[in-house]
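Here is a short briefing for a reader who is new to this structure. Please look over the sequence and the model before reading on.

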Amino acid sequence: MEIEESHIKLAVELIKRGWEERKIRRELPRDTADEIIEIARARIKARDKFSRDDLWMDLSGLRYSTHEVVARYRAERLRPESIADVSCGIGIQLIFFARYAEKAYAVDIDERKLFYAMKNAEKYGVKDKITFINGDSLKKEIVDRIDADIIFSDPARPPEMPERRLEDLLPSPVQIYEAYKHKTDAFIFDLPPQIRREKIPWKGEFEYIDLYGHLNRLTFYFEPLARAERSAVMLPKGVRLESDESLEDIVEWSTEVGRYIYEIPQSVHYADLINELFHKVRGSLKMLMREKRRILATADEEIGSEYLKAAYHVLGIVPFHPMRINDFLKREGFGRATLRISIPDREYYNFKRRVEMNLKGERRAYVFQFGNRAIITEKL
Ligand SMILES: C[S@@+](CC[C@H](N)C(=O)[O-])C[C@H]1O[C@@H](n2cnc3c(N)ncnc32)[C@H](O)[C@@H]1O
């Protein structure tokens, strides 16, 4: 039975009002109630991910879907004339490509996901440009139906994947390449950002995207579409940095903390573009530490640069002990602390509780760990 939009809207309303699922079910057609409730839950959960609040998706479709800000950025970068998304999910990325394209193909092995993609394409007004194909995009009969300049794939990642390998992605980019290489030499693959670049057997660009300050995507563009070897993009700002091997190495390190510290975007770190960033920022900036989740630089002057993620004013340095940090925060009139430190989750809350013990007010400190010392700062 077809699901009606009005039933999803009703379910959203009732969930928001806090109704029990048992009671909501009674208001919905019996054979589609499960699906309606799941779509409603996904819509509520999606919140700011999309500009529309009436999209069709299940919870897994939502989790795997491309954030609209990323989808829009890549579509603007590419402006494809024709494109096939051979693992389209609920269709968000393809819909944004289709805004520019004259012709687009949406393929997914999961019939329901493809149905949602079709519903979503309708909402965004691009349905008529898209050919929807349900099936395994590696199968010859599907390959034969596709005629597009660019093949795009954002494959699913099995969560239990121990090591990030191309072969484990579904569909595997290696197999997609083999299946479609007689049609085009322009492929784009979404890859797990942790994957080692040496493992990619093709020439092209590795583009790391930060979204709202966190690493969100690694996109690999084959040579005909590449603009650099490596790049970092910060969204929604839209700032972009490209690799340039001809630049002189100007990165200096400091063992001393200056008057300010600066967080370097994760995408810049993953893309190995610290030197390129230093060329853009200049000033007296020096690297302070480079950990997996935190890359810090320092300077004695205030540097305003769109390439830096955040800037902090250093107020003091104390031994890295919760009570010493707490003493400092109390003395300086801080009410809260955000800990930018890497300790295991189970110790984190205990540590934070001790750091914030008996603090009063709203003023917030940001605390970084630097060896056996704590750097206490305030955000600029
Ligand atoms: C990460 S999701 C894509 C999300 C999409 N970019 C979006 O914005 O919604 C990956 C999709 O690949 C599909 N898939 C996996 N293997 C496939 C195959 N062999 N052929 C076609 N689709 C496949 C899955 O069903 C899943 O919907």
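The points below go from the overall build to the sheet, the helices, the ligand and a few backbone details.

This is a predicted model. The protein has 13 helices and 16 strands. Of its 380 residues, 36% are buried.

**Overall build**

- Along the principal axes, the C-alpha atoms fill a box of roughly 65 × 60 × 35 Å.
- Take the contacts between residues at least 6 apart in sequence: 65% of them join residues at least 24 apart.

- Nine strands form an open sheet with mixed pairing, in the order 3-2-1-4-5-7-6-8-9.
- Strand 3 (130-134) and strand 9 (239-242) are the edge strands, and each of them pairs on one side only.
- From one strand to the next, the twist averages 20°.
- In general, the strands of a sheet pair through backbone hydrogen bonds, either parallel or antiparallel.
- Strand 6 (residues 204-211) and strand 8 (residues 230-235) run parallel and are joined by 6 bridges.
- Tyr208 stands opposite Ala232, a residue of strand 8.

**Helices on the sheet**

- Helix 5 (residues 68-78) packs on the sheet and touches strand 6, strand 7 (214-222) and strand 8.
- The direction of helix 5 makes about 130° with that of strand 8.
- Helix 9 (residues 173-180) lies across strand 4 (150-153) and strand 5 (187-191).
- Helix 9 runs at about 160° to strand 4.

**Helix against helix**

- Two packed helices are described by the angle between their axes and the distance between the axes.
- For helix 5 and helix 6, the angle is about 35° and the axes are 8 Å apart.
- Their crossing is right-handed.
- From helix 5, the contact includes Glu68, Ala71, Arg72, Arg74, Ala75 and Leu78.
- They meet Ile92, Gln93, Phe96, Phe97, Arg99 and Tyr100 of helix 6.
- Sorted by class, the contact of helix 5 with helix 6 has 7 nonpolar, 1 polar and 4 charged residues.

**Around the ligand**

- The ligand is surrounded by 24 residues.
- The closest are Tyr64, Ser65, Ser87, Gly89 and Ile92.
- Ile92 also takes part in the contact between helix 5 and helix 6.
- Helix 6 (92-100) and strand 2 (103-108) each supply at least two residues of the shell.
- The shell divides into 12 nonpolar, 7 polar and 5 charged residues.

**Cis peptide bonds**

- Leu170 and Pro171 are joined by a cis peptide bond, with omega about -5°.
- Pro171 sits in the loop between strand 4 and helix 9.
- Leu235 to Pro236 is a cis peptide bond with omega near 5°.
- Pro236 sits in the loop between strand 8 and strand 9.

- Arg79 is not a glycine, but its phi is positive, near 35°.
- Arg79 belongs to the loop between helix 5 and strand 1 (82-85).
- Is Arg79 buried or exposed? Arg79 is exposed, because 10 other C-beta atoms lie within 10 Å and the cut-off for exposed is 12 or fewer.
- Asn358, also not a glycine, has a positive phi of about 60°.
- Asn358 is in the loop between helix 13 (345-355) and strand 15 (364-370).
- Asn358 has 7 C-beta neighbours inside 10 Å, so Asn358 counts as exposed.

Terms used:
Residues are numbered from 1 along each chain as its sequence is written. This is a predicted model: local features need pLDDT of at least 70, side-chain atom pairs count only at pLDDT 80 or more; totals for chains, interfaces and linings use all residues. A residue is near a molecule or strand if its C-beta atom, placed from the backbone, lies within 6 Å of it. Helices (H or I, at least four residues) and strands (E, at least two) are DSSP runs, numbered from the N terminus. Ala, Val, Leu, Ile, Met, Phe, Trp, Tyr, Cys and Pro count as nonpolar, Asp, Glu, Lys and Arg as charged, and the others, Gly among them, as polar. A residue is buried if 20 or more other C-beta atoms lie within 10 Å of its own, exposed if 12 or fewer, and partly exposed in between; C-beta atoms are placed from the backbone. Two residues are in contact if their C-beta atoms, placed from the backbone, lie within 7 Å. Two strands pair if DSSP finds at least two bridges between them. Axes are lines fitted to C-alpha atoms, for helices over the stretch in contact, and angles run from 0 to 180 degrees between N-to-C directions. A crossing is left-handed if the near helix is turned anticlockwise from the far one by less than a right angle, and right-handed if clockwise.
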